[in-house]
Amino acid sequence: MPESSVSIRRRSEIWLQWPQPGPRVAILDLEVPPDSRYRALRVLLNGHRVARLELSPGRRRYTFDLPVARQEAKRNVVTF
């Protein structure tokens with residue numbers, strides 16, 4: 001699978017498609033500038049809060065669960 005990247009704004013979305021809900025974990029590869037005012041990131045899946053990521057300056061990988069109960073068949077939206 002090709003590596004994707006997006007720039008983070010005040011609110012960003014990633015649209016995902018799955019044939020059906022199932023156990024999934026997401027990995028967000030993020031570089032936080034040292035002077036960033038953002039110290040945490042709220043993660044929503046289809047409008048439901050699923051995680052809060054504590055951010056640290058520098059490039060890191062953040063993992064979080066995508067609960068089956070919050071997934072939908074076909075289109076899913078992860079919002080930061």
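This is a predicted model: local features need pLDDT of at least 70, side-chain atom pairs count only at pLDDT 80 or more; totals for chains, interfaces and linings use all residues.
Next, widen the view to the largest nonpolar core, which has 16 residues and in which L53 and F64 are the ones with the most contacts inside it. Colour the strands β2 (24-32), β3 (40-45), β4 (48-54) and β5 (58-66), each of which supplies at least two residues of this core, and look with particular care at β2, which gives the most, namely 4 residues.

Now move to the loop between β3 and β4 and select N46, which has its place there. Is N46 buried or exposed? Its relative accessibility is 18%, and because buried means under 20%, N46 counts as buried. If your viewer lists backbone angles, look up phi as well: most residues other than glycine have a negative phi, whereas the phi of N46 is positive, near 55 degrees, and N46 is not a glycine.

For the last stop, go to strand β6 (residues 74-79) and select K74, which lies in this strand. K74, too, has a positive phi without being a glycine, here of about 80 degrees. The relative accessible area of K74 is 58%, and since exposed means over 50%, K74 is exposed, whereas N46 at 18% counts as buried.

Terms used: Residues are numbered from 1 along each chain as its sequence is written. Side-chain values use heavy atoms; hydrogens and water are left out. A nonpolar core is a set of buried Ala, Val, Leu, Ile, Met, Phe, Trp, Tyr and Cys residues joined through side-chain atoms within 4.5 Å. Buried means under 20% relative accessible area, exposed over 50%, partly exposed in between (1.4 Å probe, protein chains only).
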